[in-house]
2 protein chains.
Amino acid sequence: MSSNSVGIVSPETFRFDQALVFASGRSLPNFELVVETYGELNSDKSNAVLICHALSGNHHAAGFHHKDERKAGWWDAYIGPGKPIDTDQFFVVSLNNLGGCHGSTGPNTINPETGKPWGPDFPTPRVRDWVQSQKILMDRLGIEQWAAVIGGSLGGMQAMRWALDYPDKLRHCIVIASSLKLTAQNIAFNEIARRAIVSDYNFKDGRYLEHQLIPKQGLALARMVGHVTYLSDDAMADKFGRDLHNGSFQQGEESKVEFQVQSYLRYQGDAFSESFDANTYILMTKSLDYFDLAREYNDDPVSAFKNARCGFMVFSFTSDWRFAPQRSREIVDALVAARKSVSYAEIESKYGHDAFLLPNQRYQDAFRAYMNRVAKQEQS
Amino acid sequence: MSSNSVGIVSPETFRFDQALVFASGRSLPNFELVVETYGELNSDKSNAVLICHALSGNHHAAGFHHKDERKAGWWDAYIGPGKPIDTDQFFVVSLNNLGGCHGSTGPNTINPETGKPWGPDFPTPRVRDWVQSQKILMDRLGIEQWAAVIGGSLGGMQAMRWALDYPDKLRHCIVIASSLKLTAQNIAFNEIARRAIVSDYNFKDGRYLEHQLIPKQGLALARMVGHVTYLSDDAMADKFGRDLHNGSFQQGEESKVEFQVQSYLRYQGDAFSESFDANTYILMTKSLDYFDLAREYNDDPVSAFKNARCGFMVFSFTSDWRFAPQRSREIVDALVAARKSVSYAEIESKYGHDAFLLPNQRYQDAFRAYMNRVAKQEQS
């Protein structure tokens, strides 16, 4: 474990014995959120930062759960002592969102009304519902204002929603590889992923847990679609080219894997299908599809951002074609037109959408510089 | 039926009582090819043009099978009297490739050795095997040299292979939206499509016909992946945007279709799954993956093209990201370096890979101009 790791961390479960009403009108009678924190909350509670996760993320953003854990948390490259989100300066809060499958109340937890897993009956949250639940968590933690709310992709949508729904509750909003709303192409890829899952013979209308089944093949396919589209063409070419799995072609049945890229995809899909819940995947992609920041502002993002009071930092990555730089520029343009303070960095990267998770010098430098500004403001 | 249609056409089945040995070493004891022709073969048999089809194509490239047929052949915009491939000037030959599912010998025809459908036992053809079978058809038709061999996508790969394998047998090679070999990303999308099919509960290891089953859901998914990736982001945005199916959001089960793009994709997938054979889809995508024009020329496309004797016309489309203009430029660069006669047109279009099938003024004009050159050369 390197010296700039947050080290061994333990998630904590917060129980909320209060109903939570979703934007859809449906509600949870009570709920639990699993949370990790890194760093120390300062005496005036002004150094708290909220991390919002994306489609397949969870609360485990940094460090290790035990010393033999093979992989660190999903954003370990960016959270830790001396890292852009510097845990020597910030108290970092990272939760598993409602509807997730890593401990927070979701499709794979028990519905108190039936005594069975929620499964497909779990209400689909909108991004604003997550923000509402994060606000309740904030109150429980005794934090009055976030120094920053930070998120990539679907997480960036949550960060923007925070700026609109609770303008006094955050000083900075960091939106990475995100969008004001999905394109038709993005919705189409999400639709394919969902169809792959619901078409799986073991899906059983979403009640697979009650049947002791898992729609593994569908979930693996969904992940494969995500994986290919979240990478760039160039990154795949560099990583695999047309390298053959066994060195030469075989005349074979479909089961034979011939190119390296095939075996890699199958491995990734299989691994994911054993660690993620299918109903959660459906629900997360629907939340992505539904998000449309300016919908209730006459489709005008400028008026949507009018009430925001925080500073904004927006990042995009050149080869990201699912959340293309153009989508980030739309956010920046709207913020500028709404006369908000906004910085924008378009980072050169060949790693597509995944770039927001990966080490990259310019990204790290710009991120660190902005977070230093956030920290200074907090001290002043 | 408009005056520039080839009108009512009837496919013809050619039977070949001879074994065909594939590049893999496997063979067919005999085979049939279903063929359509448009226009008249001239007295010196110098005006014949071969059309090579792509992944989901077949022999029915132009006209109608009966007067109530709703849709014309798949390339009707380009084949007919006065059209770029002018049937007043050319005798156009269009076949269903071996392994296809529209009448030619393939997985859904009977394996004479077993008396059952070939199914997954049908040998996977390489592009060169198709070209070999097309050459046998050519001999049967008494044609000694094609005025041109023409194909888009996988069809363009066949056209290039003709130029290498039978350099004296064609005067022109027209390669549209194609590639010297697939990228890793393209192989990955094909892999996803195949996994979707083989994961279908009804696939039964490819022996679904023997079980009176069809892996409809898998095939529909495969088609959806193709459909989304063969279109451009912009074209999807223009066609669907984020339009809602019922005008407003519903809190609903997964089965509810909320965006227009979802219902469109499901319709396309379902329609395709009722008209196409799953084993053929697997086999066609594998042929695409395997194709690598320069593999046995030390990966040097320049030396691959050295023996070609025909003139080349190469087309690409700006928004085509699965067979990007860069791939066509690689073909053109190799042809130039090999000192071949080559014309290249990069056509502005927002319709992605599908652009090669759709009406487009500049494409039609350039195509017509080139075909006029082909026709003049033939008269001289």
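Student: What is the order of the open sheet of eight strands in chain A?

Tutor: The order is β1-β4-β8-β5-β11-β12-β13-β14, with mixed pairing. Strands here are DSSP runs of E, at least two residues, and helices are runs of H or I, at least four, numbered from the N terminus. This is a predicted model, where local features need pLDDT of at least 70, side-chain atom pairs count only at pLDDT 80 or more, and totals for chains, interfaces and linings use all residues. Residues are numbered from 1 along each chain as its sequence is written, while chains are lettered from A and ligands numbered from 1 in the order in which they are written.

Student: Why are the buried residues of α6(A) said to line one face of the helix?

Tutor: Buried means that 20 or more other C-beta atoms lie within 10 Å of a residue's own; exposed means 12 or fewer, partly exposed in between, with C-beta atoms placed from the backbone. The buried residues include A:Val261, A:Tyr264 and A:Leu265. Seen down the axis of α6(A), the buried residues fall within an arc of 165 degrees (taken from the directions from helix axis to C-beta atoms), so they line one face. The face turned away carries the exposed A:Tyr267 and A:Ala271.

Student: Why is the relation of chain A to chain B that of a two-fold axis?

Tutor: A rotation of 180 degrees with 0.0 Å of shift along its axis superposes chain A on chain B, at RMSD 0.0 Å, by least squares on C-alpha atoms of residues with pLDDT of at least 70 in both. That is the relation of a two-fold axis.

Notes
Two strands pair if DSSP finds at least two bridges between them.
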